[in-house]
Amino acid sequence: MVQICTMIPVAKEVGSLRAMASGGIVSPTGNPELTPEKEKEFRRDLVLRALQILKEDVRE
Amino acid sequence: MTEKIRVVHYLNQFFAQVGGEEKADIGPGFKEGPTGPGRALQLTLAEHGEVVATFFCGDNYFAEHSEEATEELLRQMARCKPHLLIAGPAFESGRYGVACGAICQAAQERLGIHNVAGMDEENAGAALYCKHVYIINSGDSVVRMLAALQRMVALGIKLVQGAPLGRPAEEGYIPRGIKRNAFAAKPPAERAVDMLLAKIRGEPFKSEIAAPQFHHIKPAAALRDLSSAVIALVTDGGLVTEGNPERMEPGRPTRFTTIPVEGIDRLDPKQFDVVHSGYDTAFANQDPHRLVPLDIMRELEQQGVIGKLHASIHATGGAHAAVENATRIGQSIAERLKSAGVTGVILTST
Amino acid sequence: MRLELGLVNIKDVRFGPRTTIDDHVLFIDRQELISLLAQEPLFDSVEIDLAHPGDSCRIIRVLDVVEPRYRLNGPNFPGALDGVGLVGAGHTRALKNLCVVETSADHARGRNIIDMSGPATDYSPFGATHNVVLIPHPAKGADMNEYRLAVKKAGLRTSVYLAAAAKEVIPDETQIYELPPIAFNHGPKDLPRISYIFPIHSQQHPTHQKETVFYGSNIQGFLPTIVHPNEILDGALMFSYSAFTYFAQNHPVIQELYRRHQRDLWFAGIVVTVAPVTIVEKQRNAHLAARLASEVLGADGVIATKIGGGAVDTDLMMIYECCEEMGLKAALIIMERYPDTGITFVPDNVDALVTPGLTRDAITLPPVKRVLGGDTLFLDNTNPDNTNPGISPLPANQELRLWMGDIVGAISQVGASRLITYTG
């Protein structure tokens with residue numbers, strides 16, 4: 001599992017080691033300040049990075 | 001409460017004077033009025049209450065048939081219409097202690113009867129039940145029977161009357177791991193400045209909030225190949241279907257919802273809502289993809305970047321979730337995903 | 001900069017023909033005040049009621065609590081009520097033992113309660129103050145966000161209107177708040193320099209465009225900055241949510257640091273900040289706030305408080321760690337919410353935490369004769385934890401089982417309470 005979130009220190013504390021930074025508390029996989037097309041690109045980049053993290057080893 | 005408190009007393013076969021270890025296999029039974037240490041219990045209750053019945057069960061029988069024993073005992077207890085159940089004290093008898101804890105928890109949850117158990121803090125029953133049941137620390141010696149009963153009665157009367165309870169050390173019960181408020185001698189700002197000055201001077205001080213302990217979790221192994229992976233989307237940002245028919249709670253959630261997305265390549269904002277008290281949900285309501293990236297995942301599936309997008313989104317809320325509930329929800333979702341052949345999860349959190 | 005706060009102790013409040021203070025009794029010209037407040041186009045009508053300590057009275061849907069204050073040379077609440085201006089210096093009158101309590105028709109605030117008698121008064125100071133309760137009814141079709149902002153403004157207007165009656169009154173007590181500029185703000189070396197890092201808002205609930213939090217600003221994009229502590233005490237700050245304005249005017253940490261200034265510490269000033277919504281910005285603000293305390297205020301130690309939701313535990317821990325990395329000792333005041341864990345998490349090296357209390361500790365409040373601010377609450381009386389959207393409204397005058405955190409003023413995030421916690 002990879003977690004896209006803001007509170008990364010909390011995630012790691014409870015054992016969610018594959019935690020990565022989101023677009024923010026109010027729009028984790030988006031950015032309302034961008035145009036719809038740019039926002040979708042932003043989301044695609046975020047998701048691709050998340051999938052990449054799923055392929056990485058993590059140490060406890 | 002001017003009415004006399006109706007008390008039932010749970011004992012094992014030994015204290016109920018049925019027999020010793022040789023009678024440990026005996027099933028549940030009952031006697032009218034107090035028996036054995038129940039007489040001391042009645043004396044302690046004095047005019048406040050009456051021990052209307054004594055219930056007992058063999059220690060082995062309860063250990064091996066706990067469901068049936070509990071069922072039977074509760075059935076009979078209910079007929080007595082008790083206000084209070086006193087279980088034990090079991091001192092250091094492990095099987096007896098576990099039975100006391102179990103019968104108290106069941107009486108609380110199924111019949112709503114106030115209850116107090118008694119046993120030594122090292123008793124196996126204490127570790128299992130102290131979070132759910134008030135357990136007076138009786139110590140390990142029968143010599144302290146009367147002292148233990150006195151504590152159990154005092155606590156029991158407070159529970160029945162709805163009176164506020166003192167701290168574990170004052171009332172004599174094993175800490176339940178539940179935080180409570182108490183009035184402080186100094187206000188928090190003063191305590192904070194005192195603590196900081198002590199820290200600066202290198203003097204000893206004690207932090208008021210301990211680090212919460214979480215279970216150790218072993219991280220899953222890395223996915224070797226995305227193109228054959230089955231990826232599921234999960235969120236704790238409070239995504240629900242329009243109108244929130246599943247009644248997802250905006251705070252302190254106790255459940256999760258399963259949103260089918262087979263054949264769907266985008267989340268229509270008119271068909272979804274976002275329910276979560278911990279953040280401004282306006283942006284996610286405008287476009288649910290800001291919370292759950294279904295559109296991108298569907299494209300990646302079509303492009304062969306991932307093998308398959310799982311047919312459901314599992315969603316819950318994360319506002320002030322109790323650790324117990326969040327753990328249970330997480331485990332339930334994980335079990336479903338695993339048995340559906342999912343190999344990877346993207347969890348989106350606010 | 002020197003603020004002289006003249007305190008006038010009020011022993012009773014009644015309606016009368018003119019608004020005036022006579023022998024410590026405040027008389028309010030009810031019609032005049034209603035007319036003043038009803039000018040707001042977002043209100044259909046305004047009711048004003050009085051609640052006295054000991055009354056069998058419950059105030060519900062409390063939006064904010066403000067202490068009546070009047071600056072003799074103006075402006076009052078600049079940017080929020082009056083036009084642009086500065087506060088924190090000069091002479092200000094404060095009415096003590098009296099508060100303006102704003103209620104909002106918006107149900108979201110339903111569980112904020114003040115009881116004037118019974119067990120709630122053990123926890124909250126507002127059961128012991130004479131309360132002037134504002135009940136503004138929204139105009140038909142009013143935008144509820146703008147209505148709420150108007151209610152808050154009405155509270156400020158009332159605060160100034162009432163305290164103006166003390167213009168000519170000789171105060172019972174005068175408190176002096178004085179701290180020179182940083183460049184001249186040095187004490188003996190053996191007095192540790194203590195600063196306060198003060199998050200005033202969490203953007204997880206963003207401010208409204210027209211909201212007036214700090215000197216009238218909606219503080220969007222706010223970066224950590226230094227302000228004079230007197231400005232917080234004297235009307236520069238109105239919290240958006242999560243804390244009551246009364247506790248900015250009577251800020252427990254600022255008052256404690258002033259109280260002990262030159263005694264066992266040197267008050268080295270305050271840093272004001274906000275908690276943003278991305279991890280990167282949270283880290284940036286934590287760095288900046290710690291840097292201001294360390295290199296500009298020259299602090300040896302820092303107190304920091306929390307605001308907002310569980311998300312901000314993270315900001316506080318970051319502030320702590322940044323401070324300690326820069327060689328400052330830190331202590332945090334963090335409100336606890338969860339009966340099982342208290343707060344979200346505590347990194348290993350964080351060892352100085354103070355709790356103002358646990359919000360989710362149950363309390364039973366007895367039935368009352370009179371309710372102000374509405375008739376019903378959305379509350380599950382068998383389980384205060386239940387936030388199921390299907391809860392039916394409950395008459396507010398009956399026995400209620402709720403959380404101590406629902407009692408207004410019982411547990412304040414900025415560190416005001418009478419409580420400590422234990423594991424039971």
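How many residues of chain B are in contact with chain C, and how many of chain C with chain B? The count is 52 residues of chain B and 63 residues of chain C, where contact means heavy atoms within 4.5 Å. This is a predicted model: local features need pLDDT of at least 70, side-chain atom pairs count only at pLDDT 80 or more, and totals for chains, interfaces and linings use all residues. Residues are numbered from 1 along each chain as its sequence is written, chains are lettered from A and ligands numbered from 1 in the order in which they are written, and side-chain values use heavy atoms, with hydrogens and water left out.

**Chain B with chain C**

- About 5000 Å² is buried between chain B and chain C, and carbon and sulfur atoms give 59% of this. Buried area is the accessible area (1.4 Å probe) that two parts lose on being put together, summed over both.
- On the chain B side, B:Lys179, B:Asn181 and B:Ile209 lose the most area to chain C, together 15% of what that side buries.
- There are 7 salt bridges between chain B and chain C. A salt bridge is a side-chain nitrogen of Lys or Arg within 4 Å of a carboxyl oxygen of Asp or Glu.
- B:Arg252 and C:Asp385 form a salt bridge, with their closest N and O atoms 2.7 Å apart.
- S7, helix H8 (188-201) and helix H11 (323-339) of chain B each supply at least two residues of the side that touches chain C. Helices (H or I, at least four residues) and strands (E, at least two) are DSSP runs, numbered from the N terminus.
- H8(B) gives the most to that side, with 12 residues.

- S7(B) pairs with strand S25 (residues 419-423) of chain C in the antiparallel sense, over 5 bridges. Two strands pair if DSSP finds at least two bridges between them.
- B:Lys179 has C:Thr423 in S25(C) as its bridge partner.
- B:Asn181 lies in S7(B), residues 179-183.
- B:Asn181 is buried, at 11% relative accessible area. Buried means under 20% relative accessible area, exposed over 50%, partly exposed in between (1.4 Å probe, protein chains only).
- The B:Asn181 side chain reaches the backbone nitrogen of C:Leu358 at 2.7 Å.
- Contacts of B:Asn181 beyond four places in sequence include C:Gly357, C:Asp361, C:Met404 and C:Tyr422.

**Chain A with chain B**

- Here 33 residues of chain A are in contact with 37 residues of chain B.
- The two chains bury about 3000 Å² between them, 61% of it on carbon and sulfur atoms.
- The rule finds 5 salt bridges across this interface. One joins the side chains of A:Asp57 and B:Arg224 (3.6 Å, N to O).
- Between chain A and chain B, 17 residue pairs are in polar contact (both at pLDDT 80 or more).
- Strand S1 (2-5) and helix H2 (36-54) of chain A each supply at least two residues of the side that touches chain B. H2(A) brings the largest share, 9 residues.
- S1(A) pairs with strand S13 (residues 344-348) of chain B in the parallel sense, over 3 bridges. A:Gln3 stands opposite B:Leu347.

**Helix H10 of chain B**

- Of the 9 residues in H10(B) (residues 294-302), 7 are buried.
- These buried residues pack against H2 of chain A, and against S8, S12 and S13 of chain B.

Notes
A polar contact is a pair of N or O atoms within 3.5 Å; within protein, one must be able to donate a hydrogen and the other to accept it, and residues adjacent in sequence count only if both atoms are side-chain atoms.
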